[in-house]
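User: I would like to learn how to read the main features of a model such as this one, taking each general idea before the particular case. Could you take me through it step by step?

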Amino acid sequence: MAKKRPQTKAKRPQPVGGAGADGAVPVVGGREPCPCGSGRRYKACHGREAAHAVTELVRRPFEGLPGECDWVALRELVPAATVELTLKDGLPEDVPSVTLATVLPMAWPALRRDDGSVLLGLQNDTASGDISRDLADTLQRALVAEPGTPVQGRRAPADGPRLQELIDPEGPFEPVVHSGFEFWVPDAENATPEVAASLERANAAAIPTVRLSGVDAAYWCETPEKNHLRWVMPHPEERLLDALARLHAAGRSSLGEGTRLVGSFRAHGLTVPVWDLPSGIGAQDVEKPAAEFAERLAAALAVEEPLTAEERRARGGLTNRQVTLS
């Protein structure tokens, strides 16, 4: 039989920062009377709104960060990559660097290395609907963690900062794509058996990926049957789909012979067009065609006229093949 909880008398709600009619939020338990005076318990009244605010999905969690499109790509598409982060307030004296990584060993949310540097994992499940707030909470805890220890995940406080408040908006964001996960450890040959096994599994599963240099946030990848180009774009979705439809209907949406625009992903509020490429086409082979496509797309985005019947059919085909990742 479950033990009964001891009955406690509800205490008068106390405002944060002192009493007074200054708009301060009272601190109450979920089973205590709501301070609005409704007579209902807090969790069934205004507490419900607070809980919803915590769990509500933020559609574009990386909006406002430098390199938003690359944040989305590293979160959803790229197996192994790192980026050096620049913090608004600079680094603590005992933290030589902060590096964003697509994934860390054993799927740790973050790791404070022996030398004090911090690795922040991006491809982790988050506890709330705001990835930015959860990552910011993990980063703050990693900055003060003991060197040589991982940081575990948790639900970030609802009033905690977001990444946009911690990362310098003027700082560079330059992803480095790796062929494997050796960046996990300074000396992979002397890694612990647990980390070495995790490293081996991760390397075996990694899809070869290259970031194009001539356009932003476009990633070539190699699969057994064919190659692909996945390009995260910042344009409003409806306007981008119209522009892609115009090009598709005009036969100008490919990246060269044997290539084909096959659809798109929707991820974190942005649209990611995807091209199929023949297996013989490498990343260098699509650099020039991608740059030329970017010029065609810019012209199509500037068109204001309604879509023609043929363009509407092309748009319908593209939207029917759209997949939402997040």
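This is a predicted model: local features need pLDDT of at least 70, side-chain atom pairs count only at pLDDT 80 or more; totals for chains, interfaces and linings use all residues.

User: How many helices and strands does the secondary structure come to?

Analyst: Helices (H or I, at least four residues) and strands (E, at least two) are taken as DSSP runs and numbered from the N terminus. In this chain the secondary structure comes to eight helices and 14 strands. Of the 326 residues, 44% count as buried, where buried means under 20% relative accessible area, exposed over 50% and partly exposed in between, with a 1.4 Å probe and protein chains only. Among contacts in the chain with a separation of 6 or more, 60% come from residues 24 or more positions apart, a contact being heavy atoms within 4.5 Å.

User: What is the order of the strands in the open sheet that contains β14, and which strands stand at its edges?

Analyst: Strands of a sheet pair through backbone hydrogen bonds, either parallel or antiparallel. Two strands are taken to pair here if DSSP finds at least two bridges between them. This open sheet has six strands in the order β9-β10-β11-β13-β12-β14, with mixed pairing. β9 (209–211) and β14 (322–324) stand at the edges with a single partner strand each, so one side of each has no neighbour in the sheet. Strand β12 (residues 260–267) pairs with β14 in the parallel sense over three bridges, and Ser264 stands opposite Gln322 in β14.

User: Which strands form the open sheet that contains β3 and β8?

Analyst: That sheet, also open and of six strands with mixed pairing, has the order β7-β5-β6-β4-β3-β8. Its edges are β7 (149–151) and β8 (176–177), each with a single partner strand, so one side of each is left without a neighbour in the sheet. β3 and β8 pair in the antiparallel sense over two bridges, with Ala81 opposite Val177 in β8.

User: How do the axes of α6 and α7 cross?

Analyst: Axes are lines fitted to C-alpha atoms, for helices over the stretch in contact, and angles run from 0 to 180 degrees between N-to-C directions. The axes of α6 and α7 (residues 287–301) come within 9 Å and cross at roughly 115°. Angles under 35 degrees count as roughly parallel, over 145 as roughly antiparallel, 65 to 115 as roughly perpendicular and the rest as oblique; α6 and α7 are therefore roughly perpendicular to each other. The contact includes Arg246 of α6 and Ala300 of α7.

User: Is Arg246 buried or exposed?

Analyst: Arg246, in helix α6 (residues 237–249), has a relative accessible area of 12% and is buried. Not counting residues up to four places away in sequence, Arg246 touches Ala300, Val303, Glu305, Pro306, Leu307 and Glu311.

User: Where is Val78 found, and what is it in contact with?

Analyst: Val78 is in the loop between α2 (68–76) and β3 (81–84), and at 1% relative accessibility Val78 counts as buried. Leaving aside neighbours within four places in sequence, its contacts include Thr102, Val177 and Tyr219. Val78 and Ile207 are 129 residues apart in sequence, yet 8.2 Å apart in space, C-alpha to C-alpha.

Methods. Residues are numbered from 1 along each chain as its sequence is written. Side-chain values use heavy atoms; hydrogens and water are left out.
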